[in-house]
Amino acid sequence: MATKNESLAMLVLSYLSFDYPTLSPQDSLQKALKVIEAHKVPALSVLDGKKWVGTVTSFQLNQQINPTVKLKNIQSDFQKDKLELEEDILASLPLFESTGFSLLPVVNDEGNWMGYIHQDVITQMFIQSGFTGKNGGIL
């Protein structure tokens, strides 16, 4: 039987989202900004093949002078906040708060991108878990 912590860790796999695109280091800043704006998110993951390179934000893209430059040229500026596949789902809470992102990338032990966790999923998990005031919850 799974412990409570193991059950929460499994939720990372259960709630992975693939509804949002990723970017490539070969994409131009202009293309990256269009994709981010089209999906109404502040940032997206950049992948080199399956390997997660980092997260680029619309703010970073808007700071650049030449929109035809490739993402690989600003790679050192990428955000490195991510959720490990084997981490407790609750580890995402401070990351959502500190980054201001609505999506967090999830990577495996090899650093390969596995998907996103959306903050709304975490909210729903709490509502369904009994953490609310309903039926003896704690909030």
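How many residues lie between E4 and E5 in their hairpin, and which glycine in the turn has a positive phi? There are five residues between them, and glycine 111 is the one with the positive phi, about 85°.

This is a predicted model, in which local features need pLDDT of at least 70, side-chain atom pairs count only at pLDDT 80 or more, and totals for chains, interfaces and linings use all residues. Residues are numbered from 1 along each chain as its sequence is written, and side-chain values use heavy atoms, with hydrogens and water left out.

**The overall picture**

Let us start with the whole chain. The protein has five helices and five strands, where helices (H or I, at least four residues) and strands (E, at least two) are DSSP runs, numbered from the N terminus. Along the sequence they follow the pattern α-α-β-β-α-β-α-β-β-α. Of its 139 residues, 39% count as buried; buried means under 20% relative accessible area, exposed over 50%, and partly exposed in between (1.4 Å probe, protein chains only). Among contacts (heavy atoms within 4.5 Å) between residues at least 6 apart in sequence, 53% join residues at least 24 apart.

Five of its five residues are buried, so E4 is largely enclosed by the rest of the structure. In a regular strand the side chains alternate between the two faces of the sheet. Here Leu103, Pro105 and Val107 point one way, Leu104 and Val106 point the other way, and all are buried.

Strands pair if DSSP finds at least two bridges between them. E3 (residues 83–84) runs parallel to E4 and is joined to it by two bridges, with glutamate 84 opposite valine 107. E4 and E5 run antiparallel, joined by five bridges, and valine 106 has glycine 115 of E5 as its bridge partner.

A pair of aromatic rings is described by the distance of the centres and the angle of the planes. Rings of Phe, Tyr and Trp (its six-membered ring) pair if their centres lie within 6.5 Å; planes under 30 degrees apart count as stacked, over 60 as edge-to-face and the rest as tilted.

| Pair | Centre to centre | Angle between planes | Type |
|---|---|---|---|
| Phenylalanine 18 and tryptophan 113 | 6.2 Å | 75° | edge-to-face |
| Tyrosine 20 and tyrosine 116 | 6.3 Å | 90° | edge-to-face |

Both link distant parts of the chain. Phenylalanine 18 sits in the loop between helix H1 (4–14) and helix H2 (29–38), while tryptophan 113 belongs to strand E5 (residues 113–118), 95 residues apart. Tyrosine 20 is in the loop between H1 and H2 and tyrosine 116 in E5, 96 residues apart.

Their surroundings are worth a look too. Phenylalanine 18 is exposed at a relative accessible area of 55%, whereas tryptophan 113 is buried at 17%. Tyrosine 20 is partly exposed at 23%, and tyrosine 116 is buried at 1%. Phe18, Tyr20, Trp113 and Tyr116 form one aromatic cluster.

**Helix H4**

Finally, helix H4 spans residues 92–99, where Ser92, Leu95, Phe96 and Thr99 are buried. These four cover an arc of only 100° around the axis, which puts them on the same side of H4; the arc is that of the directions from the helix axis to the C-beta atoms. On the other side of H4, Glu97 and Ser98 are exposed. Glycine 100 follows H4, and its phi is positive, near 75°.
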